[in-house]
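Please look over the sequence and the structure below.

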Amino acid sequence: MDKTYKQPSLILSLIPIFFLIILLASNVYVFEGDASYGPNQMALIFAAALAGVLSLKLNYSWDEILDGIVSSISSAMGAILILLMIGSLAGTWLISGVVPAMIYYGLEILNPTIFLFAACIVSAVVSLATGSSWSTSATIGIALMGIGQALGIHQGVIAGAVISGAYFGDKMSPLSDTTNLAPAMAGTDLFTHIRYMALTTGPSIIITLIIFLIWGFNIEGNTALGTVSKVQAAISSKFEINLFLFVVPAAVIFLIIKKVPALPALLIGTLLAAIFALIFQPHIVQSITDAKEFNFVSAYEGVVKSMFTTVNVETGDKMVDTLLSSSGMEGMLPTVWLIVCAMIFGGIMERNGMLKRLAQSIIKLAHSTGSLVASTAGTCITFNLTASDQYIAIVVPGRMFRQEYEDRGLAPENLSRTLEDSGTVTSVLIPWNTCGAYQSSVLGVATIAYLPFCFFNIMSPFMTILFAYANIKIRKVDQTEKRI
């Protein structure tokens, strides 16, 4: 006999959401900047527990709730493994001199006036080539953070420029998983989706670049440039700096372009940097250990330590010392903890139908094309807030709204574009979302600190809604064969 489940009401579905919001707000008030290092994780667990209790009232068994949790966590395992691997990569890239070299030569090329503008463009190009905003942040993003801070620019602004460019490239790249996922959910093809998405993405990135260019003219360039030689001297006093070190990041980018999966590509980048550390920076490797001489044992110990634990290279300059530090895999554990807790909450909410019920209530309010697109965007953002994962924010709304778009005679690329403009790019703005937690951890900047400066990510959902309400290039089903 088939088991019958009760359908959650809107009020019941909102209870865990409101409870979570109250707990998260309380954490910010009580714990301030430390909220993401335990309090927010516990808030997600408590909210998940409440959702689990409510699931029992809907006739779900504990085994079914657990299945939802396990399935949700399983979907995030790829991200968790990549995160851990990037922790180890950051460690070997530091001791090998790769990151210091990027900072050193970056200070030669970039100046404060054009830095934010250039950082956004460079991040966009790398992300477009690799199809990954995550890989972009973990490679060129880390270097840009170091260069920008050495120039005296606020780290939140630098991260905003990096993330804006990285997510533009991610959205427009045919290699991106979300760029392939969105049209698959909506029922259109990849390149139609990319061409149609350019209509809203183009204006958003242009406005973003203009903002960063204008911002650059207001940076105190003389003060920042005065520190450049000091920073370079501090770096060169500890590291052997040369252009051969760029073989490591170039190799990783090449592997990703060649569609080598992220994990093996990052592992190769980690091991290659370890070899370069032994060749060019043996004194740094030895300094990590207590060994009196450099031999096989001290070399192995130093390299492995850089992969899993905190490493600091002291130059005597406090600012430079901050740049030349890495936490390895160990530093990624709070983020992994946050992701697991977020997926527990999202898994229960999706399994008991509460997330779906919340989205259905929104559809009823959509009477025009503009309001339908706005409702879709709002639902994607809601899923990013509640399910804490951008893939859920694309897949679930895509499944739910697809029939509605068809019924209204709208071409599927209208839906796929909205999914990306609102689901993909806003995930990084939410501290407990996997993307927000990842970027914050990798770039070393709190989500709330970079959020106001992610102009591209903030504008994208508004741009797609504006185009819909203004009826600009809204495709109907009988026009799908036309190309823009």
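Which helix gives the most to the lining of the second largest pocket? H3 does, with 6 residues. Helices here are DSSP runs (H or I, at least four residues), numbered from the N terminus.

This is a predicted model, where local features need pLDDT of at least 70, side-chain atom pairs count only at pLDDT 80 or more, and totals for chains, interfaces and linings use all residues. Residues are numbered from 1 along each chain as its sequence is written, and side-chain values use heavy atoms, with hydrogens and water left out.

The second largest pocket holds about 570 Å³ of space. Of its 29 lining residues, the closest to the centre are Ile82, Ser132, Asp177, Ala262 and Tyr391. A lining residue has an atom within 4 Å of a pocket point.

| Class of lining residue | Number |
|---|---|
| nonpolar | 14 residues |
| polar | 11 residues |

Now take Ser132. Ser132 sits in the loop between helix H5 (112–130) and H6. Is Ser132 buried or exposed? Ser132 counts as buried because its relative accessibility is 17%; buried means under 20% and exposed over 50% (1.4 Å probe, protein chains only). Leaving aside neighbours within four places in sequence, Ser132 is in contact (heavy atoms within 4.5 Å) with Ser127 and Asp170.

Last comes confidence. The pLDDT, the predictor's confidence in each residue, runs from 0 to 100. The chain's mean is 85. Helix H10 (residues 221–225) is lowest, at a mean of 49, and H7 is highest, at 94. Where pLDDT is low, predicted coordinates should not be read in detail.

Notes
On a 1 Å grid over the protein atoms alone, a cavity is a set of points where a 1.4 Å probe fits but cannot get out, and a pocket is an open set with protein on both sides within 12 Å along at least five of seven lines; lining residues have an atom within 4 Å of a point. Grid points are joined across faces, edges and corners, and a volume is the space filled by probe spheres set on the points. Helices (H or I, at least four residues) and strands (E, at least two) are DSSP runs, numbered from the N terminus. Ala, Val, Leu, Ile, Met, Phe, Trp, Tyr, Cys and Pro count as nonpolar, Asp, Glu, Lys and Arg as charged, and the others, Gly among them, as polar.
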